[in-house]
Amino acid sequence: METYTYYPGCTLRTKAKDLDTYARSSAEALGIALEEPADWQCCGGAYTTAKDEIATKLSAVRTLNSAKILNRPLITVCSACHNVIKQTNYDIANSEEMAAKVNNYLKLDEPYNGETTVYHYLEMLRDVVGFDNLAQKVVNPFTGKKIAAYYGCLLLRPSKALAMDDPENPTIMEDFIKAIGGTPVIYAQRNECCGGYITLEDKAQAAKRSGAVMKSAEDQGADMIITACPLCLYNLKKNSGSELPVYYFTEILAQALGLKEANNE
Amino acid sequence: MNKNLQEQVLRSSGVNVLKCMRCGKCSGTCPSYDEMEYHPHQFVYMVERGDIETLMNSKSIYKCLTCFACVDRCPRNVEPAKVVEAVRLAAVRQQGNNHMNPNQIPEMLDEDLPQQAIVTAFRKYIK
Amino acid sequence: MQRIGVFVCHCGTNIAATVDVKTVAEALGHEPGVVISQDYQYMCSESGQNLVKNAIKEHNLTGVVVCSCSPRMHENTFRKAAAAAGLNSYMVEIANIREQCSWIHKDIATATEKAIILGKAAVAKVHLNAPLTAGESPVAKRALVIGGGIAGIQTALDIAEAGFDVDIVEKNPTIGGKMAQIDKTFPTLDCAACILTPKMVEASQNEHITIHSFSEVTDVKGFVGNFTVTIKKKARFVDETKCTGCGLCTEKCPMKKVPNEFNMGLDNRSAIYIPFAQAVPKVATIDPNYCMMMKTGKCGVCSKVCSAGAIDYKQQDKFIEQKYGAIVVATGFNPINLDKYDEFAYNQCPDVVTSLELERLMNAAGPNGGTLLRPSDKTHPHKIVFVQCVGSRCDDSKGKPYCSKICCMYTAKHAMLIREKYPDTEVYVFYIDVRTPGKNFDEFYRRAVEQYNVHYIKGMVGKVTPRSDGKIDVQASDLLANEQLHIDADMVVLAAAIEPDKTARPLATMLTTQMDTNDFFTEAHPKLRPVESATAGIFLSGACQGPKDIPETVAQASAAAAKAIGLLVKNSITCNPCVAHSNELMCNGCSSCEKVCPYGAITYIDKEFRMPDRTTAVRRVANVNPAVCQGCGACTVACPSGAMDLNGFSNSQIMAEVDAICK
């Protein structure tokens, strides 16, 4: 069994336990051991693109470096953590100025310059496990289920740094849905923002955004919608006004692998 | 026109506003357009003109969702969201100009709200 | 010792503003062998040339150095002037003190110093120059046109008109190209087929024109006046000489589910097909990817119904070889793939189409017989949104950096035609700029706005979301109103950027011609030689050189024909005397030069040599065919023993220049 460094992030410890629990059990069933770094810190939730901000990027670098020391790839599952960590990694690898400032502060044994490979859990399924192999391990296929993948903004953009998939024509979640026997639903708003953190001070805007996403998925005949982001799940469930069920992709993965009872919504 | 502020925003964002061809795709794609007083293409143009304080004093800087739709879809690679981010930082870095106060948080919470929303808002609104 | 004259040109202020030309002339006057050194305002003018001519006669000059612009510009001018004064043309050297000096430096002292150094290098070279005589090589009186669109057809017709044989090689089963797919043409709105198809017929009936349809160029050898080209005639599984084009096979073919390329995949064709009714040649072609007989061996219907016995399932690709004096490239363009632009939902919604697809949807011979219907449900669209510049004018990794040039006009045309035919349809055009330079073009666009009430909106569409009620939500900016719009459209039409055909890049390699970073062929001079490539004997016609509309394409096609005719009328052409030669005494027979020669100009021969001890020995030595050698110099660099040398650019001449510069 191969071991990867796994970064859960703060929300997966509390409000998004399902995203975490089923990520772990499914990985184990697929022959991958996930190991948390000893003393990880919160990623900060949002990456600032400002070139003169350094302190807010340090916790992500610490996480990346802990994976580097063990010479392991780093797996993330929360879209926001993934976005912050991948953007940090991209910028430190491509900006000598940022690398110099960060390393000057952290005083690591060996400077960190973007060496760690970062996989989102979905990328791990695609590139390490392989969707074909995953399909063979499915015991409860989602046959006949029309499942809408919700990428939101964080998984795909900025595409230069994230480099997970084509930002306008992504297929990774649809291929995942096919692997677990479901029928992917393509809908235009799958890569538009749900409103994100704006829900804190502007519920109306969050409602408008998440409502548009749900409407678009419903319009194309979706039975359910899946996401990798706790905040997206919250907005789509609480703010959209739609009844369409929303799940973490790890929930339906675990269900397909026979590790979780079916949802009865 | 404030040269110092303009230079700070340009340096902090790393954006070359002169690449803009004024097509308006950023504002065509922006999910927060209607909530903003100044729109993404105006951010780029006003930074080009050095009119930074107007933007800093506008609530528009707190309406950007940082979804990067304008960044990825801009045909000229201008990256408007990075300009908005730099202007917002210039504003909240001023003394007493935090957009949110930790005391306000409890009343915003509900039992399902993920921590992620709070930490993100803190990163965005507070210095 | 040579007697050398130096002539320093001011080029108005082009050189004189940054180079102190008097100081240059003065300094070079002290170089060994220089007997006269002068400066003049415009050396290329008639009086400037006379200055050179008179000096040659007066001072009995044996060599001339002109310090001026790039030799690509005026080397020939001064060579001719020297020849007129009785001096061998190849005793003239150019020191480029404009492009490589005055234009790139700002500081006068630096630029002047560099100009003097460049002049000294040229003087050092002239000391070693020897008179050269150019040979002649015959011209094959036949032209090849690659590409059978309107550009290729026009070029071929014009060359044939002058009485020369010309072959068209077209990769598709019919000539006609993109213009055959277009419905109406701007700015006159005449029917494209009505003006194109007579030209296609004319080409097929012209005794001087041979059309190789469904064919590709696979190899090009030789040089100007003397190209040898291999053409692959792809197996179409139908004997072209027997097929009458009756079309019975296409009717009876049971496999009818093949996406129809001619209609942009908007409907289907049969596995054996004739692309369209006016195809030239009107000959059927079998698509082996779909033909049941070819795939399973079971069917053979077309063969049974063909009374001409033209079907041949066993037909093989055929290669033919032909000699040409001139080659015209007319490979055209295609709209770009829109996968990277799915914010416009092109891959998600059948009612989001490209402009070329709209042409077919509106065409009488198109999938709907000329009635504009939505592809999804065959209903009339009542609200149509046009999006300009999709993939054009981009500085991202997805699009093209250039303006595709034709979109503003064809969109105005589409908008106008729709408003004319369906007045109950609202039409919106989102534009960044409306670019309409061209005769009667801006008037045409204004008519769309003022007479036809097309809504032109300054702004860009940012997101397209298909809805379950069949409408398409178009989210866009209206920059003048400072508003974000949501239009519930029935159809969206994308003006996709255009790019050169994918066959152009490998063709450029075969032809040893240059392309720019966008794969458009590069012209020999952007202003003064727009239809010639930098490779002699290769000419450019139509959109392969850059985005063009039909009038421009036809004009350029005729211009390319005129240039090709200018070459074909000559019985022979003067060869470049700056060719390689081998010093047989030094040649060790290693074949290095033969391997690097891109023109096949070097062969090895066995030759008898008298040895110092009076015996004879047979040695294998390199032999250059001066008629084939293009003087590229690759062999001189490859030769390990220094036996290979280039006339006019000998190793000793180049070393003398380097020495002069480094002194």
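H3(A) is mostly covered, with 13 of its 16 residues buried. Buried here means that 20 or more other C-beta atoms lie within 10 Å of the residue's own, exposed means 12 or fewer, and partly exposed falls in between, with C-beta atoms placed from the backbone. This is a predicted model: local features need pLDDT of at least 70, side-chain atom pairs count only at pLDDT 80 or more, and totals for chains, interfaces and linings use all residues. Residues are numbered from 1 along each chain as its sequence is written, while chains are lettered from A and ligands numbered from 1 in the order in which they are written.

**Helix H3 of chain A**
- Helix H3 of chain A covers residues 79–94. Helices (H or I, at least four residues) and strands (E, at least two) are DSSP runs, numbered from the N terminus.
- At 1.5 Å a residue, its 16 residues should span 22 Å, and the end C-alpha atoms are 22 Å apart, which agrees. The expected span is 1.5 Å times one less than the number of residues.

**Chain B against chain A**
- The contact takes 30 residues from chain B and 36 residues from chain A. Two residues are in contact if their C-beta atoms, placed from the backbone, lie within 7 Å.
- On the chain B side, helices H1 (3–13), H5 (69–73), H6 (80–92) and H8 (115–125) each give two or more residues.
- H8(B) supplies the largest share, 8 residues.
- By class, the chain B side has 14 nonpolar, 8 polar and 8 charged residues. Ala, Val, Leu, Ile, Met, Phe, Trp, Tyr, Cys and Pro count as nonpolar, Asp, Glu, Lys and Arg as charged, and the others, Gly among them, as polar.

**Chain B against chain C**
- Here chain B contributes 16 residues and chain C 18 residues.
- Helix H2 (residues 25–29) of chain B gives the largest share of the chain B side, 4 residues.
- That side divides into 5 nonpolar, 6 polar and 5 charged residues.

**Domains of chain C**
- Chain C has domain 1 (4–127), domain 2 (142–234 + 317–332 + 501–568), domain 3 (248–305), domain 4 (334–499) and domain 5 (580–647). The bounds come from an automatic or database domain assignment.
- The centres of domains 3 and 4 of chain C, taken over C-alpha atoms, are 32 Å apart.
- In chain C, 6 residues of domain 3 are in contact with 8 residues of domain 4.
- The domain 3 side of that contact has 4 nonpolar, 1 polar and 1 charged residues.

**Parallel sheet in chain C**
- Four strands form an open sheet in the order S2-S1-S3-S4, with parallel pairing. Two strands pair if DSSP finds at least two bridges between them.
- S2 (34–40) and S4 (92–96) of chain C are at the edges with a single partner strand each, so one side of each lacks a neighbour in the sheet.
- S1 (residues 4–9) and S3 (residues 63–68) of chain C pair over 5 bridges. Phe7(C) stands opposite Val66(C) in S3(C).
- Helix H1 (residues 21–29) of chain C lies across S1, S2 and S3, at about 175° to S2(C). Axes are lines fitted to C-alpha atoms, for helices over the stretch in contact, and angles run from 0 to 180 degrees between N-to-C directions.

**Antiparallel sheet in chain C**
- S12 (residues 226–233) of chain C pairs with S17(C) over 7 bridges. Thr228(C) has Lys323(C) in S17(C) as its bridge partner.
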